[in-house]
Amino acid sequence: MKKIKIGSRKSELALWQAHTVAFMLKKGGFATEIITTETIGDKILNTSIRKIGSKGVFTEEIEEMLKKGDIDIAVHSAKDMPSRLPEGFSLIAFTKREKPNDVLVSMDKNFSLKKVEKPIVVGTSSVRRVAMMKHFYPHVKTVDVRGNLQTRIKKMQSGVCDALMLAFAGIKRMGFEDLIVCQMPETKFVPPVGQGSMAVEVYDANTDKKIIEQIRRYVNHIPTETILCAERDFLDEIQGGCSIPAFALGECIGNRLALTAGLVSLDGTQLLKKTITGDKEVASEIGKKIGREILNAGGRKILGAIKLPGKQ
């Protein structure tokens with residue numbers, strides 16, 4: 001059977017993800033090889049993601065490897081994937097989603113966002129998290145902390161910030177659960193599109209349909225795929241990316257899909273959130289509908305302010 005060459009970023013978390021997918025494929029009898037590269041998002045650590053750009057920050061170099069045929073599939077964090085892929089590329093599988101919520105990690109076990117007796121500094125590289133912190137906890141200062149998970153934790157330990165806000169999935173996968181001091185409720189701090197799942201990407205022209213079927217058989221988790229389809233179509237409808245403080249979280253209950261999604265302004269003063277429930281067979285339409293409703297409810301104004309010159 002064909003050896004599957006898997007493309008991945010070099011960080012420990014990215015490699016954990018690649019090895020996890022490799023293990024799934026080996027159950028199907030596939031031999032695998034992991035090939036790594038660095039993306040622009042890995043190389044430029046002194047600039048915020050929003051200023052680097054919203055599309056392809058963590059994917060462009062890996063997609064070039066796919067196109068050249070150097071790798072057969074790419075494994076990404078689903079939350080890093082733009083809502084619209086470059087022409088000729090497809091997402092063919094999503095792994096079962098880990099708990100999607102954000103968490104706070106700190107060396108101070110008594111850390112609390114509610115303390116006001118002294119200044120609180122939280123580190124994050126996420127535009128959404130910064131905006132939500134300004135909305136819910138305006139007394140908290142945020143600082144941009146970039147790098148892989150281990151690097152960020154070292155920066156926190158050195159005193160750059162009192163706590164870090166990160167995805168639970170990454171913390172769990174890297175074994176840092178003992179540092180969690182607060183789990184942010186997903187009903188309040190709604191996570192970004194795709195958080196907690198891994199996505200498998202291919203370049204269509206280089207991929208045999210039978211191989212795709214086999215990869216989907218061993219890697220794809222259909223309930224997660226259904227939910228992420230709705231979330232990603234919401235993001236596509238508002239034309240959002242990493243520089244947009246958008247959020248979305250779906251849940252399947254029987255044959256029904258409930259999707260909560262929205263936008264928050266960069267200064268945190270406005271938060272738009274809606275929930276739509278419908279048949280999971282029309283997940284894509286649910287995502288598009290909630291996207292239109294958010295745009296019509298004031299989302300266009302929020303997005304327009306974000307895209308003004310000097311605010312990129």
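Student: Which residues of helix 1 meet which residues of helix 8?

Tutor: In this predicted model, V21, M24, L25 and K27 of helix 1 meet I215, Y218 and V219 of helix 8.

Student: What makes the contact of helix 1 with helix 8 nonpolar, polar or charged in its residues?

Tutor: The residues of this contact divide into 6 nonpolar, no polar and 1 charged. K27 belongs to the contact, and K27 is charged because Lys counts as charged.

Student: How do you know whether helix 1 is roughly parallel or roughly perpendicular to helix 8?

Tutor: Helix 1 (residues 12-27) and helix 8 (residues 209-219) pack at an angle of about 110 degrees, and their axes are 9 Å apart. Angles of 65 to 115 degrees count as roughly perpendicular; therefore helix 1 is roughly perpendicular to helix 8.

Student: What makes up the largest nonpolar core, and which residues have the most contacts inside it?

Tutor: The largest nonpolar core has 29 residues, and F234, I238, A246 and L263 have the most contacts inside it. Two or more residues each come from strand 4 (89-94), helix 9 (222-237), strand 11 (246-253), strand 12 (256-264), strand 13 (271-279) and helix 10 (283-306). Helix 10 gives the most to this core, with 8 residues.

Student: What does L263 touch, not counting residues up to four places away in sequence?

Tutor: With that exclusion, the residues touched by L263 include I238, A246, F247, L271, I294 and L303.

Student: Why is P100 called buried, and where does P100 lie?

Tutor: P100 lies in the loop between strand 4 and strand 5 (102-105). Buried means under 20% relative accessible area; P100 has 9%, so P100 is buried. Leaving aside neighbours within four places in sequence, P100 is in contact with E186, P191, Q195 and L249. P100 and Q195 are 95 residues apart in sequence and 5.4 Å apart in space, C-alpha to C-alpha.

Student: Why is Y203 called buried?

Tutor: The relative accessible area of Y203 is 16%, so Y203 is buried, given the cut-off of under 20%. The place of Y203 is in strand 10 (residues 198-203). Y203 touches L66, K67, E87, G88 and F89, not counting residues up to four places away in sequence. Y203 and T275 are 72 residues apart in sequence and 34 Å apart in space, C-alpha to C-alpha.

Student: Why does S126 count as buried?

Tutor: The relative accessibility of S126 is 16%, so S126 counts as buried. S126 lies in the loop between strand 6 (121-123) and helix 5 (127-136).

Student: What makes the pair formed by the side chain of S126 and the backbone nitrogen of R129 a polar contact?

Tutor: The side chain of S126 reaches the backbone nitrogen of R129 at 3.0 Å. A polar contact requires N or O atoms within 3.5 Å, so the pair of S126 and R129 meets the distance limit.

Student: How do you know that S83 is buried?

Tutor: S83 has a relative accessible area of 14% and is therefore buried. S83 is found in the loop between strand 3 (73-77) and strand 4, and S83 touches R232, L235, D236 and G240, not counting residues up to four places away in sequence.

Student: Where does E225 lie, and what does E225 touch?

Tutor: E225 lies in helix 9. E225 touches F94, R216 and N220, not counting residues up to four places away in sequence. E225 and S197 are 28 residues apart in sequence and 9.4 Å apart in space, C-alpha to C-alpha.

Key:
Residues numbered from 1 in each chain as written. Predicted model: local features only at pLDDT ≥ 70, side-chain atom pairs only at ≥ 80, totals over all residues. Heavy atoms only, no water. Axes fitted to C-alpha atoms, helices over the stretch in contact; angles between N-to-C directions. Helix = DSSP H or I, 4+ residues; strand = E, 2+ residues; numbered from the N terminus. Parallel < 35°, antiparallel > 145°, perpendicular 65-115°, else oblique. Contact = heavy atoms within 4.5 Å. Core = buried A, V, L, I, M, F, W, Y, C linked by side-chain atoms within 4.5 Å. Buried < 20%, exposed > 50% of the residue type's maximum accessible area, 1.4 Å probe, protein only. Polar contact = N/O pair within 3.5 Å; in protein donor to acceptor, adjacent residues only side chain to side chain.
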